[in-house]
Amino acid sequence: LLEIESFGGIRMARAMLDDSEMIQRFSFYHGRRSRALIDEWTSMWLSLENGNWEIKEELKTIQHPLCLIQGDNDNFGTFKQLEITSELAQTDDVEIHHIHDCGHIPHLQKSEEILKITIDFITRLLQE
């Protein structure tokens with residue numbers, strides 16, 4: 001499910017290793033390990049760029065309801081990935097939410113909207 005767009009975002013994140021201001025901002029969430037975290041995360045994903053890593057078989061094992069959420073400006077994934085997940089999962093209970101004007105961290109960037117989506121999803125499940 002990795003696409004060209006995903007690798008572009010990962011390469012952009014890798015460039016943050018040279019941006020001390022960005023490292024400082026990451027430190028708010030990840031502390032002193034921010035630089036190492038970015039380095040290890042991007043190195044791992046970029047090592048797969050020319051490989052055959054695939055997760056589709058694992059997606060076929062999902063049998064529980066899914067609430068899939070992604071921002072329309074996410075640099076690390078596309079809506080196509082959500083659609084493929086929805087198609088492969090072994091459940092008919094899938095909600096897909098495209099979050100407008102949002103990047104990779106919807107729970108922080110659009111917290112009220114994500115909270116409402118989450119509450120509505122869980123409430124519906126509890127009522128079934």
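This passage looks at the largest pocket of a predicted model and at two loop residues, Thr-91 and Asp-101. Numbering starts from 1 along each chain as its sequence is written. Local features need pLDDT of at least 70 and side-chain atom pairs count only at pLDDT 80 or more, while totals for chains, interfaces and linings use all residues; side-chain values use heavy atoms, with hydrogens and water left out.

The largest pocket holds about 730 Å³ of space. Here a pocket is an open set of points on a 1 Å grid over the protein atoms alone, where a 1.4 Å probe fits, with protein on both sides within 12 Å along at least five of seven lines; lining residues have an atom within 4 Å of a point. The volume is the space filled by probe spheres set on the points, which are joined across faces, edges and corners. There are 20 lining residues, and Met-16, Phe-26, Phe-76, His-104 and Ile-105 sit nearest the centre. With five residues, α2 gives the most to this lining (helices are DSSP runs of H or I, at least four residues, and strands runs of E, at least two, numbered from the N terminus).

Turning to the loops, Thr-91 falls between α5 (79-88) and β2 (94-99). Thr-91 counts as buried because its relative accessibility is 13% (buried means under 20% relative accessible area, with a 1.4 Å probe and protein chains only). Beyond neighbours within four places in sequence, Thr-91 is in contact (heavy atoms within 4.5 Å) with Ile-62, Gln-63, His-64, Pro-65 and Leu-66. Asp-101 belongs to the loop between β2 and α6, and its phi is near 55°, a positive value in a residue other than glycine.

Key: Buried means under 20% relative accessible area, exposed over 50%, partly exposed in between (1.4 Å probe, protein chains only).
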